[in-house]
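Have the sequence and the model open side by side. Find each named residue as you read.

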Amino acid sequence: MSESGRTADTAGSATADPWRKGYWGPTNPDEHPAVLAIRERFPHAYIDAVNFRDEMTVRVERDSLREVAEYLRDAPDLRYTLLNDVTVVDMLQLRDDPRFDVVVQLYSIRYRVRLRLKAGVNDGQTVPSLVPVFAAANWLEREAYDMFGITFEGHPSLRRILLAEDWDEGHPLRKDYPLRGFREYIQPGFENPAPRVPSRLRRQARP
Amino acid sequence: MTFDLSPTTVNISEERRIAENRRELVLNMGPQHPSTHGVLRVLLALEGETIVGCDPMIGYLHRGIEKLGETHRYSQFTPWTDRTDYVAAPLNNLGYVLTVEKLCGIEAPERAQYWRMIFAELSRMASHLVWLGTHALDIGALSMSLYCFRERELVLDIFEKFCGARLTTNMMEIGGFSRPIPPELPGMVRDFIKIFPAMQKEYEELLSANPIWLARTRGVGVIEPEAAISYGLTGACLRGSGINYDIRKANPYLLYDRINFEVPLGTHGDVYDRYLVRMEEMRQVLKIIEQCLDQMPADGPLSLSESNYVIPPHKSVMTTAEDMQRHFIWVIKGFSPPKGEVYMSIEHSKGELGYYIVSDGSPIPYRLRVRTPDFVNLQVLPYMAEGALLADVVALIGTIDIVLGSVDR
């Protein structure tokens with residue numbers, strides 16, 4: 001096998017760029033209508049727009065996340081009416097400030113285009129809730145609060161959703177949360193396990 | 001409010017009776033209720049038989065799949081995706097595998113894509129059959145579940161023939177399939193396509209014009225189109241309200257742009273319309289599979305053997321030194337996709353299944369988000385339930401088509 005064949009990104013593919021089907025709109029941020037509209041309408045909130053694998057990510061200031069989402073929903077030539085996902089990425093191991101990224105995936109049913117909004121937030125800061133704009137944000141933000149401890153301002157009932165209501169060990173999807181939790185888990189009824197004794201039967205070594 | 005309890009006046013006792021009836025009764029439904037399709041717990045506030053408050057409580061099946069995803073290599077996570085929605089495991093595999101392929105910039109060979117479409121549609125069928133059987137069982141048609149599970153066996157037999165597993169199949173790999181297609185498999189699929197329409201006619205004869213079924217489903221759980229969009233519904237819940245959004249049509253992945261099929265839409269947005277939409281989807285599944293079998297190239301690779309992101313085929317690992325080294329590195333170290341983030345979604349049987357992966361250039365995903373359709377769709381339950389009757393709650397839960405493994409992850 002040739003060296004180029006090993007590292008080629010599109011080796012053996014049936015078509016060269018399978019996802020270039022108008023999925024996320026123009027790849028150049030200067031041509032993307034949503035990016036241009038956010039730049040024009042919210043010059044103070046727009047930070048940057050990044051394109052990777054044809055997916056457009058617009059980073060905005062967290063204070064104006066709700067206004068931007070509302071504008072994208074209502075603008076007649078954008079119509080990002082469907083909220084697909086609200087989630088958080090803990091960037092602890094990748095950068096210092098801000099620590100979290102709130103990631104919002106939007107979809108325009110009319111124009112069949114996706115867009116991703118991002119807003120950085122630090123521990124202890126709040127993000128405006130998207131529930132007044134999209135009813136779908138309710139549980140998604142509750143999950144983000146449950147898993148990362150991000151507070152969404154204006155959420156009707158921000159409480160834990162997947163974990164128990166009396167969970168007292170913090171927020172498990174943070175990067176500084178150990179995989180097995182902070183405390184050792186003891187199965188109820190096995191508080192005093194029987195001591196381990198060496199077996200009298202020796203396991204036969206495999207030939 | 002104070003009451004005069006003296007027995008002399010009749011009106012007071014009448015007023016007291018009304019006041020007692022007005023008092024809210026909080027009813028706990030689940031988590032072990034058989035019609036909640038798993039471990040869903042719903043708190044219901046009742047006034048008489050009318051529901052005035054509804055609060056679904058989930059998380060009883062939470063296994064922390066997203067946290068597990070941050071500790072496994074990309075290829076190791078595929079079996080975990082089976083466990084999210086365990087009645088349509090190949091579809092979950094497909095969503096994950098396509099996301100990683102998009103991140104790596106590779107694409108499976110044509111024949112593998114056709115087989116992926118066939119397995120995806122078969123598992124859509126399997127999922128819809130479970131939905132139909134349990135949904136009708138909840139409303140009172142016991143025989144439907146027996147019929148549906150009878151036909152589901154045919155689908156599961158096809159899965160078993162291909163990969164040996166029936167439920168948690170783990171059949172798709174990054175870059176294609178690692179197993180060969182058994183020579184009798186196309187015949188089994190064609191047999192299923194031939195058998196199934198008569199079976200579906202049987203279901204529709206039992207249900208579609210059944211007066212009890214109509215009374216329990218028509219006009220129940222109406223979702224207005226605006227509310228459906230605002231609640232972020234996808235799949236049959238959205239299309240039942242008349243909104244035309246099917247990812248296979250809107251943003252085709254795999255080779256769906258070569259397939260001719262229709263997207264059924266509802267008009268009223270009630271339980272009955274969603275039933276009709278899913279029944280029509282089952283008919284379209286057969287159409288898609290038939291076209292896939294006809295269009296598929298007769299011969300060709302099932303996996304990318306050239307790419308470094310894909311495990312090399314067994315034969316060349318055993319015969320060439322270069323592929324053996326590649327295989328060793330793939331197994332011991334894993335592969336490292338480029339830095340970046342991708343979101344890819346497919347049309348799952350329940351709605352839009354999305355995976356969002358943030359890669360920091362290491363063999364382990366930095367963040368792996370699973371956006372399951374039923375988690376978002378279940379939010380609409382309080383909207384539908386408030387004002388409805390207590391007896392309709394099982395119909396409303398059934399019509400969203402939830403699997404709690406997928407809701408709780």
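This is a predicted model: local features need pLDDT of at least 70, side-chain atom pairs count only at pLDDT 80 or more; totals for chains, interfaces and linings use all residues.

Residues are numbered from 1 along each chain as its sequence is written, while chains are lettered from A and ligands numbered from 1 in the order in which they are written.

**Chain A**

Chain A has 4 helices and 7 strands. Helices (H or I, at least four residues) and strands (E, at least two) are DSSP runs, numbered from the N terminus. Starting at the N terminus, the order is α-α-β-β-α-β-β-β-β-α-β. Chain A holds 207 residues, and 38% of them count as buried. A residue is buried if 20 or more other C-beta atoms lie within 10 Å of its own, exposed if 12 or fewer, and partly exposed in between; C-beta atoms are placed from the backbone.

Now look at strand E2(A). Of its 6 residues, 5 are buried, so the rest of the structure largely encloses it. E2(A) pairs with E1(A) in the antiparallel sense over 6 bridges. Two strands pair if DSSP finds at least two bridges between them. A:Met56 in E2(A) is the bridge partner of A:Asn51. E1(A) and E2(A) form a hairpin with 2 residues between them. E2(A) also pairs with strand E5 (residues 113–121) of chain A, in the parallel sense over 4 bridges. There, A:Thr57 stands opposite A:Arg116.

**A helix in chain B**

Helix H6 of chain B covers residues 142–163. How far apart are its end C-alpha atoms? They are 32 Å apart, which agrees with the 32 Å that 22 residues should span at 1.5 Å a residue. The expected span is 1.5 Å times one less than the number of residues. Buried residues of H6(B) include B:Cys148, B:Val155 and B:Phe159. Helix H5 (110–139) and helix H7 (185–207) of chain B are among the elements that cover the buried residues of H6(B).

**The core and the chain contacts**

The largest nonpolar core has 162 residues. Such a core is a set of buried Ala, Val, Leu, Ile, Met, Phe, Trp, Tyr and Cys residues joined through C-beta atoms within 7 Å. A:Val102 and B:Leu381 are among the residues with the most contacts inside this core. Two residues are in contact if their C-beta atoms, placed from the backbone, lie within 7 Å. Leaving aside neighbours within four places in sequence, the contacts of A:Val102 include A:Val88, A:Val127 and A:Ile150.

The two chains touch: 43 residues of chain B are in contact with 40 residues of chain A. Elements giving two or more residues to chain B's side include strand E4 (340–348) and strand E5 (351–359) of chain B.

**Backbone angles to check**

Most residues other than glycine have a negative phi, and most peptide bonds are trans.

| Residue | Phi |
|---|---|
| A:Asp54 | near 70° |
| B:Asp401 | near 65° |
| A:Arg53 | about 50° |
| B:Gly164 | about 85° |

A:Asp54 is partly exposed, with 18 other C-beta atoms within 10 Å. B:Asp401 counts as buried, with 27 C-beta neighbours inside 10 Å. The peptide bond from A:Asp97 to A:Pro98 is cis, with omega near -10°. A:Pro98 sits in the loop between strand E3 (82–90) and strand E4 (100–108) of chain A.
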